[in-house]
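Please open the model in your viewer and keep the selection tool at hand.

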Amino acid sequence: MARVVFEKVTKRYGDTEVIHNIDTAIDNGEFTVIVGPSGCGKSTLLRMIAGLEEITSGTISIDGRAVNDLEPKDRDIAMVFQNYALYPHMTVFNNMAYGLKLRKFSREEIKARVDQAAKLLQLEGLLQRKPRQLSGGQRQRVAMGRCIVREPKVFLFDEPLSNLDAKLRVQMRLELRNLHKRLRVTSIYVTHDQVEAMTLGDRLIVINGGYAEQIGSPLEIYERPATRFVAGFIGSPAMNFLDGRLSRDGQSAALAGGLHLPLERENLQPQNGREVSVGIRPEHFRLTDPEQATLPLKADHSEFLGPTP
Ligand SMILES: Nc1ncnc2c1ncn2[C@@H]1O[C@H](COP(=O)(O)OP(=O)(O)OP(=O)(O)O)[C@@H](O)[C@H]1O
């Protein structure tokens, strides 16, 4: 297990900066999910930890040691890819054993580790099969087994479930969560799927356009989104945004459609009287007296208050 620290990490391709000054620490044993829309820089961030992309400036350290100049093989990490990257001509056993053979582990040690991982992943009966004789979920488990046998300090996952159908994805999420509970290896997981992020992560790093917009637990991010982007991106069904104007005393907002919304004090960053955008989750709207046809909805709680975009 290890702590992974980012200090002012930046990535540029030529003149274009795609990751801007990311500062955060991922604790020992924590499951952190990097989530954001396509092209926001999630994979680049993960690949910098793995050593597959150079870090333009700043430092990434694993267990107190800067890894910027370390080869991927010397970083003590293991990565699970979207396409599993299994060797098609090798059996499940050999796929899982391959990395250990390269590292000159003894035959007995290899067998012990593969057997243990196979048991954990329920692959015991499949060790002599080739990858093509496995289902998508089983292949994904083999890919994980190959990482587990190496007993790395950090697991990296790059959208590992995106090739599976919706039902299997839900099941594999549960399996991953349980596996993490048992092994407690520091894990960093990339996905564009906010539902996956919310169900898997102890902590989320929400990325947009190369910036870390918010870092926090799923609940913190759901209940107190820091930016309009986060408010709109996290949550299913999505939050509703209504434009309005803050009252003089700043305690409520008059919203379009005659809706009057009391506001919590801690929410009041914008100046009174200013136009604001208020985000309310669907579950916080309720029907008022059906006879009041002009005001069909009432809301007494908002999750987001910020300037209109
Ligand atoms: N080798 C490269 N050269 C130039 N630009 C690149 C290169 N690789 C990635 N980029 C750019 O960096 C940005 C971040 O890409 P990245 O692949 O990290 O995004 P992502 O969030 O993982 O997206 P997706 O979910 O679609 O995989 C994108 O704008 C992409 O076009």
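Select Lys104, which lies in the loop between H2 and H3. Its phi is near 60 degrees, a positive value in a residue other than glycine. Most residues other than glycine have a negative phi, and most peptide bonds are trans. This is a predicted model, in which local features need pLDDT of at least 70 and side-chain atom pairs count only at pLDDT 80 or more, while totals for chains, interfaces and linings use all residues. Residues are numbered from 1 along each chain as its sequence is written. Helices (H or I, at least four residues) and strands (E, at least two) are DSSP runs, numbered from the N terminus.

Next, select Ser236 and Pro237, which are joined by a cis peptide bond with omega about 0 degrees. Pro237 belongs to the loop between helix H8 (228-233) and strand E11 (240-246).

**The helices around H2**

Now display helix H2 (residues 92-102) together with helix H3 (residues 107-120): they pack at an angle of about 135 degrees, and their axes are 10 Å apart. That angle makes H2 oblique to H3. Axes are lines fitted to C-alpha atoms, for helices over the stretch in contact, and angles run from 0 to 180 degrees between N-to-C directions. Angles under 35 degrees count as roughly parallel, over 145 as roughly antiparallel, 65 to 115 as roughly perpendicular and the rest as oblique.

Which residues in H2 meet H3? They are Phe93, Met96, Ala97, Leu100 and Lys101, and their partners in H3 are Ile110, Arg113, Val114 and Ala117. Two residues are in contact if their C-beta atoms, placed from the backbone, lie within 7 Å. By class, this contact of H2 with H3 has seven nonpolar, no polar and two charged residues. Here Ala, Val, Leu, Ile, Met, Phe, Trp, Tyr, Cys and Pro count as nonpolar, Asp, Glu, Lys and Arg as charged, and the others, Gly among them, as polar.

On the side of H2, select Val92, Asn95, Met96 and Gly99; they meet Val142, Gly145 and Arg146 in H4. The residues of this contact of H2 with H4 divide into three nonpolar, three polar and one charged.

**The two sheets**

Turn to the six strands that form an open sheet of mixed pairing, in the order E6-E7-E8-E3-E9-E10. Strand E6 (77-80) and strand E10 (211-216) stand at the edges with a single partner strand each, so one side of each has no neighbour in the sheet. Two strands pair if DSSP finds at least two bridges between them. Strand E3 (residues 31-35) and strand E9 (residues 203-208) run parallel and are joined by four bridges. Within this pair, Val33 stands opposite Leu204 in E9.

A further open sheet has four strands in the order E2-E1-E4-E5, with antiparallel pairing. Its edge strands are strand E2 (16-26) and strand E5 (65-66), each of which pairs on one side only.

**The ligand**

Finally, select the residues around the ligand: Tyr13, Val18, Gly36, Ser38, Gly39, Cys40, Gly41, Lys42, Ser43, Thr44 and His192. A residue is near a molecule if its C-beta atom, placed from the backbone, lies within 6 Å of it. Helix H1 (residues 42-50) gives the most to this shell, with three residues. By class, the shell has three nonpolar, seven polar and one charged residue.
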